[in-house]
Amino acid sequence: MSSLISAFLVGGALCLIGQLIMDLTKPAVTPGHILVGYISIGALLSGLGLYQPLVDLAGAGATVPLSGFGHTLTQGTLKAVEESGLLGAISGGVEAAAAGITAAILFGYVAAVLFDPKG
């Protein structure tokens with residue numbers, strides 16, 4: 001299967017699942033619940049070694065959604081613990097996700113400066 005097709009199918013399936021959960025459980029499950037749930041599930045599956053095969057199959061389709069952020073945090077933490085011990089458990093996840101966090105802050109700032117939200 002082409003990497004573009006697999007990325008589209010896996011990423012789309014992850015988004016579809018989140019949207020269905022929100023639509024079918026209104027108002028109990030909010031976007032915030034989905035955010036925390038996907039990051040937590042991604043971290044848990046990564047820690048169990050079950051998320052990396054999905055990343056290998058789908059590439060950006062598995063790393064761009066929120067579950068991929070949980071995977072990045074977990075992998076960074078595990079690597080840092082091997083290298084630095086207990087201190088790595090505190091710093092590893094943030095260090096691994098620093099580029100993504102920085103991009104989110106930068107793009108959020110630029111969007112806030114350029115656009116005037118209505119509502």
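Which residues does Y38 touch, not counting residues up to four places away in sequence?

1. Y38 touches L14, I17, G18, L66 and S67. Contact here means heavy atoms within 4.5 Å.

2. This is a predicted model: local features need pLDDT of at least 70, side-chain atom pairs count only at pLDDT 80 or more, and totals for chains, interfaces and linings use all residues. Residues are numbered from 1 along each chain as its sequence is written, and side-chain values use heavy atoms, with hydrogens and water left out.

3. Helix 1 spans residues 3–24, 22 residues in all. Helices are DSSP runs (H or I, at least four residues), numbered from the N terminus. From first C-alpha to last, helix 1 reaches 31 Å, close to the 32 Å expected at 1.5 Å a residue. That expected span is 1.5 Å times one less than the number of residues.

4. The buried residues of helix 1 are S6, A7, V10, G11, L14, G18 and M22. They cover an arc of only 145 degrees around the axis, so they sit on the same side of helix 1. The arc is that of the directions from the helix axis to the C-beta atoms. Buried means under 20% relative accessible area, exposed over 50%, partly exposed in between (1.4 Å probe, protein chains only).

5. The face turned away from the buried side carries exposed L4, F8 and L24. L9 is also found in helix 1. L9 is partly exposed, at 48% relative accessible area.

6. The largest nonpolar core has nine residues: V10, L14, M22, I34, Y38, Y51, V55, A58 and A62. Such a core is a set of buried Ala, Val, Leu, Ile, Met, Phe, Trp, Tyr and Cys residues joined through side-chain atoms within 4.5 Å. Helix 1 gives the most to this core, with three residues.

Conventions. Helix = DSSP H or I, 4+ residues; strand = E, 2+ residues; numbered from the N terminus.
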